[in-house]
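Visitor: I am new to protein structures. Could you walk me through this one?

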Amino acid sequence: MNSVTLKILLSLFAINSVSLYLYFSSHPDYFRHHLQRPSLHRRSNTADHHHFPPPTTSRAKPWPILPSYLPWSLNSTVPFRSCEGYFGNGFTTRVDILKPELHRKSNSGAGNGGGWFRCFYSDTLRSSICEGARIRMDPEKIRMSAGGERLESVIGRREEEEMPVFEAGAFDVDGGEGLKGGGKKVMSDQLLDLYVQSGAVSRHAMRELIGSIQLVGTEEFECSEDIGIKEISVRRNLERGPHAFLGRSQLAIQFEVLIEWVEEPTLLITRYEYANLFHTVTDWYSAYVASRVTGLPNRPHLVFVDGHCVTPLEKTWKAMFSSLRYAKNFSGTVCFRHGIFTPLGYETAIFQGLTERIDCRGASAHDLWQQPDDHKTARLSEFGEMIRAAFLFPVDRHRNSKPVSGHNVLFVRREDYLAHPRHGGKVQSRLSNEQQVFDSLKSWASNHLQCKVNVINGIFAHMPMKEQLRAIQDASVIVGAHGAGLTHIVSATSKTVVLEIISSEYVRPHFQLISQWKGLEYHAIYLDGSHANPTVVIDKLSSILKSIGC
């Protein structure tokens, strides 16, 4: 072995050793099996419930380093309706529905193998994050449209066609070798009522999914890991048809089409208002929280259990997580080594704050680490950094200065665009003289002598997501009428100021609350109707710029 080869091997060994050290130091209980006497208890750590090793080769993206990150398993007694209860790890009630294989016994007293299933319930949010091992999904038993199509190809499709209806056997969990018969539900109606409540949603698709999951014995599970058994199983099926002549290698390939294993942790997600930025941000946040609460070492893969078409917002899903597929796009049955069932976006504090008082204010993670405060949170700042980092924007805690070329004033516009199959392409105006206000701001900025002011035309409906985030990140002030585009302030830096123009028909707290929860300075101009006086807007903006040194 020459010296160059030896150096390469030693380098690889060193990198692998450091990676293993970092992983196991952050997940010390990964292989530690705890005997769990009660089936319902308060947990002290979310990283102690994994009972299988990570794959030897991972296709998952690592978590980025986020300046606002705080540990998600810091406190097992999170106060009810505290800021951490709303925005962080308030999922402190652990319910073991199907215990891990090492703790289950068959009638003979021996361990009977199989999967496991559990939920983490939040009293504050009245919501659960559920997860399990050895979960089988049969897309043929989920009635809905395929999903993932180009919007233009499905114009006029009804919303009901895009939402899943689950037949018996759509989802199964391996109940172990001791289980005979199958067909028993993993969660009873009583448990669903306690831990996966319908809330204000008329049809709770994730509750229906979890309520449909059945227990089957290992012999019926048909996701064997032994290639010989796989081939025999496939051979028996194929010999009945014209493919009986296939050779050994061809049978193995054919099997992979029929039954696919997903080895790495996967979030199963059902979306409702998938083309609206505000509601999609609540879905992003729910997925992010579910990943952190369940202690995933890397960013998970995603499966959309819905039949919606593609929208531009899908690029952010792909950037934030490791991969994305639609349930109906699998060619056959698929088995998940580790599946996480993500709560609906309606169950996040971002949405619930619209109808209940959430008395939280944004603060820096550094300050909260030194002095915890139940009325302050850094979680939305952490989440905003996650979105920016997913698109490779810097998120250094000390990088809060704005571009040296002057102060950017981002004017978020509402432009017509085709949002979904039932949309006519026209958006409802919230500011009837928007163009006049924008032109007036441009003219004022060009004559502003105190400092250079750049007015940015934020036509988000026609900008790639990365450019939208770049405009948000570089803005000193974000101005706009009430509309979903302002939800991007979740990704704004800590020094950004928000100025919302609110018509009398849309007096809603969405963006005032997000600003408050992030700790952003917020101002509002309230209109009698939907027409704004440009001079009033300019005067308010001028005052804001003076306050930040311009």
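**Helix and salt bridges**

Guide: This is a predicted model. In helix α15, which spans residues 465-474, the buried residues are M465, Q468, L469, A471, I472 and Q473.

Visitor: What covers the buried residues of α15?
Guide: Look at the helices and strands around them. The cover includes helices α9 (277-293), α10 (314-320) and α13 (379-390). It also includes two strands, β17 (407-412) and β19 (475-481).

Visitor: Is E382 buried or exposed?
Guide: Buried means under 20% relative accessible area. R379 has 4%, so R379 counts as buried. E382 has 0%, so E382 is buried.

Visitor: Is R150 buried or exposed?
Guide: R150 meets E152 in a salt bridge of 3.4 Å, N to O. The cut-off for exposed is over 50%. R150 has a relative accessible area of 57%, so R150 is exposed.

Visitor: What is the relative accessible area of E161?
Guide: E161 forms a salt bridge with R158, with the closest N and O atoms 3.5 Å apart. R158 is partly exposed at 48%. E161 is also partly exposed. Its value is 33%.

Visitor: How many salt bridges are there?
Guide: The pairs R150 and E152, and E382 and R379, are among them. The count comes to 23.

Methods: Residues are numbered from 1 along each chain as its sequence is written. This is a predicted model: local features need pLDDT of at least 70, side-chain atom pairs count only at pLDDT 80 or more; totals for chains, interfaces and linings use all residues. Side-chain values use heavy atoms; hydrogens and water are left out. Buried means under 20% relative accessible area, exposed over 50%, partly exposed in between (1.4 Å probe, protein chains only). Helices (H or I, at least four residues) and strands (E, at least two) are DSSP runs, numbered from the N terminus. Contact means heavy atoms within 4.5 Å. A salt bridge is a side-chain nitrogen of Lys or Arg within 4 Å of a carboxyl oxygen of Asp or Glu.
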